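I opened my notebook to record a few look-ups in this model. Join me as I go through them one by one.

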Amino acid sequence: MLWTLILSVFLSGVSLSMDAFAVSICDGMIYQNLTKRKAVLIPLTFGVFQAVMPIIGFYISMAFRQIEVFDAVDHWIAFALLLIIGGKMIFDGIKDLIKKEEEELIPKDFSMPTVLVQGVATSIDALFVGFGLNVMLENAVQNVQLWAWISVAIIGVTTFIIALVGVFLGKTVGKLFKKKAYIAEIIGGVVLMLIAVKILLNGLGLLSF
């Protein structure tokens, strides 16, 4: 039935958005001088990537049926990207802790390139939703391509809303640190590295959540 298809897509969107949610909380904590526009830009970026990746996977699946090669490296790519970002955040936070007086600490500046890399890293697994989406839609609807676009729109909007909540949650928590921006940065870096490890373990089949 159609409603079960929509529910399945929505639940897929919720599942896919969990990493983006965690990263959004980190960003909200670290970028303590976020404007409303920048605060919306973070979840918007994550939502777009979570929608784009499945549609790419969908069309690749239509053209090719063999996906084993990418399946073997996708988790390593996400692991490396998040590990680098998280490691840099921890390094910068520790450097600020050692070098600066507390009253001189400056909140981390918003970085769109970093957010873009985070968007890629947290959405790589969504590519495989596109592969599965092709098979699922072929067995459920007649206009497969139309419903593919509807499905990725649902996933993107779901991710945007959940990540938006994450940003403002992180921003609220970040205010507790006041000028101690380095604390939020170190915590955020640790969380990103833990997410990187989780993605890797999932990809290797050693973790199932």
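**Entry 1: the ground rules.** I am working with a predicted model, and I keep that in mind throughout.

**Entry 2: aspartate 27.** I looked up where this residue sits and found aspartate 27 in helix α1, which spans residues 2–30. Is aspartate 27 buried or exposed? I read a relative accessible area of 1% for aspartate 27; buried means under 20%, so aspartate 27 counts as buried. Next I asked which residues aspartate 27 touches, not counting those up to four places away in sequence. My list for aspartate 27 reads Leu34, Ile42, Phe46, Val115 and Gln118.

**Entry 3: α1 with α7.** The axes of α1 and α7 cross at roughly 30° and come within 6 Å. Angles under 35 degrees count as roughly parallel, and α1 and α7 are therefore roughly parallel to each other. I noted a right-handed crossing where α1 passes α7. The residues of this contact between α1 and α7 comprise 21 nonpolar, 10 polar and one charged.

**Entry 4: α2 with α7.** How do helix α2 (residues 36–63) and helix α7 (residues 144–175) pack, and at what angle? I found an angle of about 155°, with the axes of α2 and α7 7 Å apart. Angles over 145 degrees count as roughly antiparallel, and therefore I logged α2 and α7 as roughly antiparallel to each other. The crossing of α2 past α7 is right-handed. For the contact of α2 with α7, I wrote down 22 nonpolar residues, five polar and no charged.

Key. Residues numbered from 1 in each chain as written. Predicted model: local features only at pLDDT ≥ 70, side-chain atom pairs only at ≥ 80, totals over all residues. Heavy atoms only, no water. Helix = DSSP H or I, 4+ residues; strand = E, 2+ residues; numbered from the N terminus. Buried < 20%, exposed > 50% of the residue type's maximum accessible area, 1.4 Å probe, protein only. Contact = heavy atoms within 4.5 Å. Axes fitted to C-alpha atoms, helices over the stretch in contact; angles between N-to-C directions. Parallel < 35°, antiparallel > 145°, perpendicular 65-115°, else oblique. Left-handed = near helix turned anticlockwise from the far one by under 90°. Nonpolar A, V, L, I, M, F, W, Y, C, P; charged D, E, K, R; others polar.
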